[in-house]
Amino acid sequence: MTTQELVAQIKKKKSFLCIGLDVDLEKIPSHLLNNEDPIFAFNKAIIDATHHFCVAYKPNTAFYEAYGLKGWKSLEKTINYLNETYPEIFTIADAKRGDIGNTSAMYAKAFFEDLAFDSVTVAPYMGKDSIEPFLAFKDKHTIMLALTSNEGAFDFQTKKINEKEVYKHVLETSKNWKNSENLMYVVGATKAEYFKEIRKIAPNSFLLVPGVGAQGGSLQDVCKYGLTKDIGLLINSSRGIIYASKDLNFAKDAALKAEELQIQMQLFL
């Protein structure tokens, strides 16, 4: 999917909501556990109920890898269902991969070719030769960690080198990499006060923003400093939507939560 196609969907749906599909078998409704593939059954129900209100889905691969081969098959069934049934939806493999060039090339091949995701999250610690293999794929997007929402982000990301925070060095350096126009960045919603500075470095790039909802991030604050003329934001909510309830109407309850965010987003478009 091209950036232009993503922007068109945002404008059409009046939403820049991304829903995280982080499936924990201990948290899904118990009646689904009788299914042959409870993870996919849960995902399918959530997707069918919420796709009207969002423009992207983001399975966190750790929640599938934790269940071994069965979990990986559930992930494959989920992305295939999305691509076949809702091809207009932007898909994100939240894998946070990052390794030397040859290994990164294989990671990229796995997520972009085999599973046919539109994008994948990556960690930039090993530099350009770990990221450029992802950037080489046409009409695919590499979403690089820039400033995250966890407590440990302050261990490195906001430390200063030559009077400039590390996350700023990362952003500035990445813009010089080959095919950097295919880059997006992860910026946590709980760091809303930093968005103004980030937009000075990456004024037009899309930002994937986790942390709204259960982690306490403010949609209003993020939009105040993060919106661009082409929106430039994908606001992710996972637990606040998919685990809205555990009863038989869990998908309907998830849709109501997604709709609440979508209605708020309309005000900024």
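**Overall fold**

I began with the secondary structure: the protein chain has twelve helices and ten strands. These are DSSP runs (H or I of at least four residues for helices, E of at least two for strands), numbered from the N terminus. I noted that this is a predicted model, where local features need pLDDT of at least 70, side-chain atom pairs count only at pLDDT 80 or more, and totals for chains, interfaces and linings use all residues. Residues are numbered from 1 along each chain as its sequence is written, and side-chain values use heavy atoms, with hydrogens and water left out.

**Size and packing**

I checked the radius of gyration, taken over C-alpha atoms; the globule rule is 2.2 Å times the number of residues to the power 0.38. A compact globule of 269 residues would come near 18 Å, and the protein chain has 18 Å, which agrees. Its C-alpha atoms fill a box of roughly 55 × 45 × 35 Å along the principal axes. I then looked up burial (under 20% relative accessible area, 1.4 Å probe, protein chains only), and 53% of the 269 residues count as buried.

**Helix 8**

Which residues of helix 8 are buried? I found Tyr167, Lys168, Leu171 and Ser174, within residues 166-174. They lie on the same side of helix 8, because they cover an arc of only 140° around the axis, going by the directions from the helix axis to the C-beta atoms. Their cover, by contact (heavy atoms within 4.5 Å), includes strand 5 (141-147), strand 7 (164-165), strand 8 (183-187) and helix 9 (195-201).

Note on methods: Buried means under 20% relative accessible area, exposed over 50%, partly exposed in between (1.4 Å probe, protein chains only).
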